[in-house]
Amino acid sequence: MKISLFYEFALPRPWSDDDEFEMFQDGLTEVEAADKAGFSTVWLTEHHFLEEYCHSTAPEMFLAAASQRTQNIRLGFGVMHLPPGINHPARVAERVATLDHLSGGRVEFGTGESSSVGELGGFNIDPADKRGQWEEALDVTLRCMTETPFTGFKGRHIEMPPRNVIPKPRQTPHPPLWVACTRPSSVQMAAQKGIGALSFAYTGPGPLGERVRGYYQEFEEKAAPTVPQINPNILAIGGDLSMMVARTDDEAVKRLGVGGGFFSFGIMHYYMTGMHTPGRTGVWEKYLDAVKEDETLAYGPGRGAIGGPETVREFLRGYEESGVDEIILLLNPRSHEGTMESIEIMGKEILPEFIERDEKAVAAKAKRLEPVIEKVEQRRRPLASPDFDEQYSFGGLPTGRGGKFTASEIPEAMAEINEGRVQAAARLKEQQQG
């Protein structure tokens, strides 16, 4: 089992002017340490308008910075939202591919639909359309990454003419593909498509084991991939997966404080039961009030990788025995010093044995899946793509409103450039004659 880190970049109020700056700088320092410690991947979510709960609105920016301070750790979008009103598929392909080059081919491409009222409503997306938008956008994005040129698409939600989208990813044909799975049916869908499942796990390693077995059974029996490169993997995130490691259990719990439960509370607030006034509602304050009424909302021992080395080791072994391929440990808000010590202890005392076992497990899994993948590939349904019209071309000035409007800024700029060229030539001639 691989062990990775997950950033929401929660930032509880009250805020100072430097808080967001320090949050990102601390995060880069932590990722640099995690790379040296041996963590597999750093996963970064994308959310919009979910203040306090998640300030990770442009994950590709942070991951690009992290790519320049690390050597081996993989860089995961966990996830990038694909509805085109949030991220146009051509822009997704460009940004993911660019990061793949900057990082030397270390990108994990996690995708999702978006689920909160704040985000869907903020971008005027009808929740009834979000699955269809994700499916169309996924196909278009992968075609933009792999076709030279992209030959065009006209669907219900996306329409785009032929263009050669550049750069292409460093990993060919594209980085490993994942999808966020909050429900068992989503895990089945991921398996059927041959996509990695970013599976939320709120009920512990026992039920997770059933989900893992179900994923691989569905993959073997029903997978009919359309994506160019399959990625049969399932990982676990969420619920009881916070991380705070110290020399003793008591010290770890003390450093964790009440913050470990803020992730789950934020989900309830923004996705289910809360009412939010932008720029006014105090989410952390509401969380603290809720903890006073029910102390179980705050994580403690047994609710994550929390404790001394032996406690955390045993906790992680339980998930390893579930058969999950990777586990993502959530970092506590405003706990930089504790996080740095956690990363150090994990690297020195816990990760080495898991890394050693994972290398053997990956080799055994590859051998076990060989005949399965052969059957799956026989059921492959390639992405539909229109033939490219070799006579197609584009050019000239942009026009609109039935040809009555023409963008004039470029001709005006070119006229200035030409005038400058004429004046420069005249000055040069005067100098030569003088």
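Tutor: A charge is said to sit over a ring if NZ of Lys or CZ of Arg is within 6 Å of the ring centre and within 35 degrees of the ring normal. The model before us is predicted, so local features need pLDDT of at least 70 and side-chain atom pairs count only at pLDDT 80 or more, while totals for chains, interfaces and linings use all residues. Residues are numbered from 1 along each chain as its sequence is written, and side-chain values use heavy atoms, with hydrogens and water left out.

Student: What puts the charged end of arginine 163 over a ring, and which ring is it?

Tutor: The ring belongs to phenylalanine 394, and the charged end of arginine 163 sits over it at 3.9 Å from its centre, a value within the 6 Å limit. The charged end of arginine 357 likewise sits over the ring of phenylalanine 354, here 4.8 Å from its centre.

Student: What makes a group of rings a cluster, and which residues form one?

Tutor: Phe6, Tyr53, Phe263 and Tyr270 are linked into a cluster by ring pairs, where rings of Phe, Tyr and Trp (its six-membered ring) pair if their centres lie within 6.5 Å. Under this rule the count is 16 aromatic pairs.

Student: Why is helix α1 called oblique to α2?

Tutor: Helix α1 (residues 19-37) packs against helix α2 (residues 59-67) at an angle of about 45 degrees, with the axes 10 Å apart; helices here are DSSP runs of H or I with at least four residues, and strands are runs of E with at least two. Axes are lines fitted to C-alpha atoms over the stretch in contact, and angles run from 0 to 180 degrees between N-to-C directions. Angles under 35 degrees count as roughly parallel, over 145 as roughly antiparallel, 65 to 115 as roughly perpendicular and the rest as oblique, and α1 is therefore oblique to α2.

Student: Which residues make that contact, and of what class are they?

Tutor: Phe24, Gly27, Leu28 and Val31 of α1 meet Phe62, Ala65 and Ala66 of α2, contact meaning heavy atoms within 4.5 Å. By class there are six nonpolar, one polar and no charged residues, where Ala, Val, Leu, Ile, Met, Phe, Trp, Tyr, Cys and Pro count as nonpolar, Asp, Glu, Lys and Arg as charged, and the others, Gly among them, as polar.

Student: Why are α11 and α12 described as roughly parallel?

Tutor: Helix α11 (residues 309-320) and helix α12 (residues 336-378) pack at about 25 degrees, their axes 11 Å apart, and it follows that the two are roughly parallel to each other. Among the residues in this contact are Arg313 and Glu320 of α11, with Phe354 and Arg357 of α12, and the contact divides into seven nonpolar, no polar and six charged residues.

Student: How do α2 and α3 lie, and what is the hand of their crossing?

Tutor: The axes of α2 and helix α3 (residues 89-102) come within 9 Å and cross at roughly 10 degrees, which means that α2 is roughly parallel to α3. Their crossing is left-handed, a term used if the near helix is turned anticlockwise from the far one by less than a right angle, and right-handed if clockwise. Glu60, Leu63, Ala64 and Ser67 in α2 meet Arg95, Leu99 and Leu102 in α3.

Conventions:
Rings of Phe, Tyr and Trp (its six-membered ring) pair if their centres lie within 6.5 Å; planes under 30 degrees apart count as stacked, over 60 as edge-to-face and the rest as tilted.
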